[in-house]
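Here's a quick tour to go with the structure below. Have the viewer open while you read.

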Amino acid sequence: MFRETEILKSGSQVLPAGEDSGGAGDLVINVGPQHPATHGVLHLVITLNGETIKKVEPHLGYIHRSIEKMCESLTYRQFIYVTSRMDYLSAHINNHACALCVEKGMQIEVPERAQVIRVIMDELTRIASHELWWGAMAMDIGAFTPFFHAFREREKINEIMEETCGARLTMNYYVPGGLMAELHPDFQKKVKEFIALFKRKVDEYDELVTGNIIFINRMKGIGVLPKEDAISYGCSGPAARGSGVNCDIRKLYPYAVYDKVQFDEILETDGDSLARYMVRIREMKQSVRIIEQLIDNIPEGDFQAKTKAVLKLPKGEFYSRVETARGELGVYIVSEGGTTPYRIKFRSPGFSNLSALDHMARGSKLGDLVAMMGTLDLVIPDIDR
Amino acid sequence: MNNEDLKTKITELLPAATFDEAGEWLNIHVEPAGWLSFAEKLRNDDSLFFDYLFCLTCIDWKTHLTMIYHLSSTKYRHNIVIKSKLDAAKPEIESVSNIWKTAEFHEREVYEMFGVNFLNHPDLRLLILPDGWEGKNPMRKDFEDPVNMIKL
């Protein structure tokens with residue numbers, strides 16, 4: 001992270017010739033921290049030669065809240081809700097990872113009903129997140145209309161969430177052992193209505209953007225990330241699956257009821273921006289498929305297991321991994337047997353995905369950087385934590 | 001490979017390694033001194049092939065620090081956890097950012113939050129904290145921030 005004076009000092013300037021700073025005539029420019037294409041307060045210091053990118057250096061920390069340290073003084077019931085504020089577009093899924101980790105440590109059996117509802121909620125969140133990404137990404141590269149289309153459908157999901165959870169973005173619906181409250185009576189009806197609508201709309205998205213020749217020209221062959229590099233940089237989620245890496249945690253290490261539903265892990269092999277785009281579009285259709293299988297089969301029963309009022313994790317280490325809309329989220333809890341974690345680490349997908357940006361961007365044009373960042377689907381609070 | 005096979009194989013590569021199975025995966029305790037060459041073997045050995053470093057972090061135990069590396073193989077799907085005990089006063093370990101590129105960012109984070117010095121890291125600078133940060137490393141247990149509320 002740069003201080004204000006540092007930004008002014010490092011603002012557009014011609015560097016002297018040298019190995020590290022680039023050759024004579026290289027230009028250093030700042031993108032962000034306040035830039036519409038970075039979708040948050042991300043600061044990139046870019047070294048350019050003409051219009052060609054020589055180096056991209058992310059400067060993080062503008063939205064760092066030290067969530068890991070904060071969690072060390074929160075109980076196992078409280079800390080879950082701080083994580084809604086990390087990747088706020090996958091709030092449910094973040095909560096799921098934390099709840100799973102505590103359940104693993106306490107050996108709590110989660111009722112079937114809660115597990116099924118969790119999966120439905122997770123997949124609705126995934127659709128909402130991918131929709132926002134789709135709209136924002138299309139806007140980044142110059143198409144304004146998709147943004148409104150995407151937000152129109154996303155609003156329906158927000159309404160469903162609001163009815164059941166009482167909130168639209170940071171839902172705080174999961175507790176260790178199950179769910180915070182019973183579903184709203186209209187939940188199933190509303191979700192079915194949404195699914196019927198969304199299946200038509202996702203084809204409309206394809207017509208509007210995917211087949212567009214200008215769009216394809218801006219995406220194809222841009223920001224190529226080979227498979228080996230994607231693994232080495234620790235990429236996960238659609239960013240890695242666009243390069244052909246099998247990394248869907250829902251398939252590899254199934255949690256909740258993901259092993260009982262039918263869905264495909266979406267893989268593309270090109271590794272460019274278009275491949276990452278296609279992975280997310282096709283993933284939305286798979287999420288619809290999962291919801292369709294479950295929405296009429298929510299088992300009756302308790303929505304929450306009976307747990308003690310004060311949770312104490314036994315001494316030891318617990319790790320849980322889930323697939324958020326952006327990739328693999330790991331929650332690593334080290335417990336000393338008390339009511340609060342001794343140390344907690346969130347392995348956030350965005351942090352690792354961002355580290356591959358420099359590698360992807362080198363040698364390409366400045367204008368293409370926006371397409372690369374767009375298809376990495378960066379959420380800055382998830383990176384800074 | 002299951003844990004028993006992994007143990008046999010890893011003992012061949014590094015006889016000094018000790019094991020425990022307290023967590024979900026096999027824990028391997030190594031000395032910081034031989035870590036880099038051992039890491040190279042883990043990555044490049046055909047039957048191990050740990051190519052995916054999915055979590056790198058550090059724990060402050062007050063008396064010492066422990067580096068934690070979670071490794072996975074995308075080919076064989078086995079996981080291990082490497083632990084290495086560091087001295088609290090002068091924590092130093094070899095950087096593995098040449099082997100797993102993702103380590104570069106994660107090590108920078110551990111460097112500023114815990115003060116661990118990664119030897120031969122290509123670009124060991126502050127990542128999240130503001131430039132010119134003075135004082136203690138925020139994730140250490142003895143860190144108190146009188147201005148910004150972190151603890152409740």
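Start with a pair of helices in chain A: A:A91, A:H92, A:I93 and A:H96 in α3(A) meet A:R118, A:M121, A:D122 and A:T125 in α4(A). Keep in mind that this is a predicted model.

**The α3(A)/α4(A) pair**
- Helix α3 of chain A covers residues 91-106, and it packs on α4(A) at an angle of about 140°, with the two axes 8 Å apart.
- That angle makes α3(A) oblique to α4(A).

**The largest nonpolar core**
- This core has 146 residues, and the members that touch the most others are A:L357, A:M372 and B:V116.
- Helix α4 of chain A (residues 112-140) turns up again here as the top contributor, giving 13 residues.
- Both domain 1 (4-59) and domain 2 (67-384) of chain A give residues to the core, so it lies between them.
- Leaving aside residues up to four places away in sequence, A:M372 touches A:I222, A:G223, A:S273, A:L357, A:M360 and A:A361.
- As general background, nonpolar side chains in soluble globular proteins tend to be buried together.

**A glycine in a loop**
- Look for A:G327 in the loop that links β7 (316-323) and β8 (328-335) of chain A.
- Is A:G327 buried or exposed? It counts as buried, because it has 30 C-beta neighbours inside 10 Å and the cut-off for buried is 20 or more.
- Not counting residues up to four places away in sequence, its contacts are A:S236, A:G237, A:A239, A:A240, A:P349 and A:N353.
- A:L42 sits 285 residues from A:G327 in sequence, and their C-alpha atoms are 19 Å apart.

**Where the chains touch**
- Chain A puts 34 residues into the contact and chain B puts in 28.
- On the chain B side, β3 (52-60) and α3 (103-114) each supply at least two residues.
- The largest share of that side comes from β3(B), with six residues.

**Helix α2 of chain B**
- In α2(B), residues 35-44, the buried residues are B:W35, B:F38, B:A39, B:L42 and B:R43.
- They span an arc of only 135° around the axis, which puts them on the same side of the helix.
- Those buried residues pack against α1 (3-13), β2 (26-30), β4 (64-72), β5 (79-87) and β6 (92-94) of chain B.
- On the face of α2(B) turned away from the buried side, you'll find the exposed residues B:S37 and B:N44.

Note on methods:
Residues numbered from 1 in each chain as written. Chains lettered and ligands numbered in written order. Predicted model: local features only at pLDDT ≥ 70, side-chain atom pairs only at ≥ 80, totals over all residues. Buried ≥ 20, exposed ≤ 12 C-beta atoms within 10 Å, placed from the backbone. Helix = DSSP H or I, 4+ residues; strand = E, 2+ residues; numbered from the N terminus. Arc of directions from axis to C-beta. Contact = placed C-beta atoms within 7 Å. Core = buried A, V, L, I, M, F, W, Y, C linked by C-beta atoms within 7 Å. Domains from an automatic or database assignment. Axes fitted to C-alpha atoms, helices over the stretch in contact; angles between N-to-C directions. Parallel < 35°, antiparallel > 145°, perpendicular 65-115°, else oblique.
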